[in-house]
Amino acid sequence: MISTDYLVVGSGASGLAFADTLAEEEPDVELVLVDRRHGPGGHWLDAYPFVRLHTPSAYYGVDSLPLGEDRIDGSGENAGFYERATGAEVRDYFAEVASRLTQTGRVRILTEHEHLGRGEHGEQVRDLSTGALHQIEVRRKLVDARYLEASVPATHRPSFDVAAGAHVVPVNELPAAARSGTSYTVLGSGKTAVDACIWLLDNGVAPDRIQWVRPRDHWFHHRRHFQPLDLVGEIMEGISLDAEAAAEAADGEDLFDRLEESGRLVRIDPSARATMYRVTMLSPREIDALRQIDDVVRLGRVQRIEADRIVLSHGETDTSPDVLHVDCTARGLRNAPATPVFQPGKIVLQQVRQNSPAFNAALTAVVEAHPSEDPDKNRLCPPNPYPSSVDDWPALNRRTWQVEQRWLRDPDISRWVAESRLNLLRGLPDHAADPPVKAAIERFLTHVGPATERLRELDERRSVGSG
Ligand SMILES: Cc1cc2nc3c(=O)[nH]c(=O)nc-3n(C[C@H](O)[C@H](O)[C@H](O)COP(=O)(O)OP(=O)(O)OC[C@H]3O[C@@H](n4cnc5c(N)ncnc54)[C@H](O)[C@@H]3O)c2cc1C
């Protein structure tokens, strides 16, 4: 029987970032990671061919190994911004991370192994290649690194029916299925649908050959506001605009008006009401490209695709057997309800600081290694569920600001945060005296207190309204 200190279920970015940091913090610790997939890297193994990170590589991955070279791209759609790894680069990177962890002799990674739950003699794991059942004795804790498991087009089951004669492919198959002269209907509101539209436009498909079925309109961030290191002032600027808008907002609608007015958020169609918010970012070039697509269907979610019509929750629209429908409706980030991160015998990895999944997993490992009891650990890592709609913005930001204050008050945690390559603000001290950065810091400090209070009120008002 295998025996280990920690059994980590899931060897995606979260499981690997946790294992990497815990192995660093505790020199004698032993970990076993199990994953159903054939290799480490999680959803990236099934990502569509033209996927890239949407955040810079500079603060993605695990703490001990840089991803990319922290280069600012000189040309292309990402010109002027920090490089973003392709899907293949992310997969290679996680394979290298796994190999380094294994070489320590303290970490085992069992791929094609599914965790089934607690058995009589330990945690039960099935070897998917042989069907054999194994028990794993866990001396300290089970780490659930799959609680926020991503749902991606290649592996999700679409929630709509497809009738005979209709032509539907998951976005992964778009490059292989695309033919000159074809018309396309892209299904979905999120970043994957955006990527599919941009891929079509970049590959010479005329905008009038693209129809976009968008159940919800989406608020996007400007990619400028997520640039680290030498451009970290832009992140600070973005956060300070959040705090200023929140402090002054009369209500939820006014909040988003202010965020749009300040350039912090953008909609593809400023005349359409946007209700979706998932901390997704786009470059100005992407926004301009997407605005060329006029044929937008806003009739709710797709229920059924037939040879000559698409049936949606609020109506229907024509289609034809010649149209290639591209399924981009997988949910992506999972909206799991918050649960304590530190539980008896168990750690459930979740988002703590917004937009920093790898950072959060590594931070949780630092807190686990911290000599304190679970209630204190949970104060340093309160769960902060992924947002889905505009209604989630107040709690998401308020929780992030509050927990950052707690980290600052703990010398060990604040030291780790300051030094970690996964911390998107790590370049801030080097630029804090630059006049625009200084102004952004001052704007943030002026507004963050009132903003936190205001967001609490807005959140409470919403809860009462919806209760
Ligand atoms: C297309 C896309 C692009 C993204 N881009 C970015 C980005 O640029 N920057 C960023 O910060 N975030 C990004 N994200 C967010 C992303 O979710 C995280 O970056 C991260 O990759 C998620 O890793 P994870 O380990 O939490 O989940 P996953 O990658 O989903 O890994 C969970 C793993 O758990 C395994 N598992 C589940 N159940 C079991 C079981 N019972 N037994 C064994 N194994 C099990 C699964 O097989 C899976 O491999 C992106 C997400 C998507 C979908």
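A charge sits over a ring if NZ of Lys or CZ of Arg is within 6 Å of the ring centre and within 35 degrees of the ring normal. The views below come from a predicted model.

**View 1. Arginines over aromatic rings.** R353 lies over the face of F359. The distance to the ring centre is 4.7 Å. In another such case, R334 places its charged end over the ring of Y147. Here the distance to the ring centre is 5.4 Å.

**View 2. The largest nonpolar core.** This core has 81 residues. F18 and L31 touch the most other members. Beyond its neighbours within four places in sequence, L31 is in contact with residues including T4, Y6, V8, F18 and L22. Its contacts also include R106, V107 and R108. A second, separate core holds 35 residues, among them W219, A274, L425 and L455.

**View 3. A stacked pair, F50 and W199.** The whole structure contains twelve aromatic pairs. In this one, the ring centres of F50 and W199 are 5.5 Å apart and the planes meet at 25 degrees, so the pair is stacked. F50 sits in the loop between β2 and α2, and W199 in helix α4. The two are 149 residues apart. Both F50 and W199 are buried.

**View 4. An edge-to-face pair, F256 and Y277.** The ring centres of F256 and Y277 are 6.5 Å apart, with planes at 75 degrees, so the pair is edge-to-face. F256 belongs to helix α6 and Y277 to strand β13, so the pair ties together parts 21 residues apart in sequence. F256 and Y277 are both buried.

**View 5. An aromatic cluster.** W44, Y60, Y93 and F94 are linked into a cluster by ring pairs.

Note on methods. Residues are numbered from 1 along each chain as its sequence is written. This is a predicted model: local features need pLDDT of at least 70, side-chain atom pairs count only at pLDDT 80 or more; totals for chains, interfaces and linings use all residues. Side-chain values use heavy atoms; hydrogens and water are left out. A nonpolar core is a set of buried Ala, Val, Leu, Ile, Met, Phe, Trp, Tyr and Cys residues joined through side-chain atoms within 4.5 Å. Buried means under 20% relative accessible area, exposed over 50%, partly exposed in between (1.4 Å probe, protein chains only). Contact means heavy atoms within 4.5 Å. Rings of Phe, Tyr and Trp (its six-membered ring) pair if their centres lie within 6.5 Å; planes under 30 degrees apart count as stacked, over 60 as edge-to-face and the rest as tilted. Helices (H or I, at least four residues) and strands (E, at least two) are DSSP runs, numbered from the N terminus.
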